[in-house]
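Colleague: Could you walk me through this model? I would like to hear about its surface and its charged pairs.

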Amino acid sequence: MTQIAVVPGSFDPVTLGHLDVIGRAAGLFEEVHVLVVHNLAKSTAMFDAVDRVRLIEESLAEVGAPSNIRVGEWTAGLLVDYCRQVGATVLVKGVRSGEDVAYETPMAIMNRHLADVETVFLLPEASRAHVSSSLIRQVATLGGDVTPYVPTVVERALHDRLR
């Protein structure tokens, strides 16, 4: 039986912290699906879903990610519906703080209830624990240097978008 995990997120944009968690998941599971999902709590996106998928794929190539990672998007329903469709039994969530754990825990319990899908929380490298996509967008929008926190392809895309 192939152990398939899904790493969902808005990835707007993907950061080195995301890539760290994705890489850790790829070392734990036979197949990892990185899934751009629509977050109802976030109304405005800097990049559309197609661009985010492309940026993730190019970023994974830039860092030399393992070949057991697939990238896609999901907008057609519950995340557990996607899990059922591809045979995934695990969701992987990167958490940076207790606040993230508190936010993710009710969803993890609901996903287990709805589809018997477990959630695994992974911590990013400590040097990236303070980085979020929203912080990257804010710093980039105000002209700050985000190069230590994002892949080169994302830095260029942010620069092009904000010109």
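Predicted model: local features only at pLDDT ≥ 70, side-chain atom pairs only at ≥ 80, totals over all residues.

Colleague: Which residues make the nonpolar surface patch of about 260 Å²?

Modeller: Residues are numbered from 1 along each chain as its sequence is written, and side-chain values use heavy atoms, without hydrogens and water. A patch takes residues with over 30% relative accessible area and no salt bridge, nonpolar side chains (Val, Leu, Ile, Met, Phe, Trp, Tyr) being joined within 5 Å and like charges within 9 Å. Here the members are L78, M110 and L114.

Colleague: Is D51 buried or exposed?

Modeller: Buried means under 20% relative accessible area, exposed over 50%, and partly exposed in between (1.4 Å probe, protein chains only). With a relative accessible area of 18%, D51 is buried.

Colleague: Which side chain does D51 meet in a salt bridge?

Modeller: A salt bridge needs a side-chain nitrogen of Lys or Arg within 4 Å of a carboxyl oxygen of Asp or Glu. The N to O distance for this pair is 3.5 Å, and the partner of D51 is R161.

Colleague: And which residues are linked with R161 in a network of salt bridges?

Modeller: R54 and E58 form a salt bridge, with their closest N and O atoms 3.4 Å apart. Together with R161, the network links D51, R54 and E58.

Methods:
Areas by Shrake-Rupley, 256 points an atom, 1.4 Å probe, with all protein chains shown as cover.
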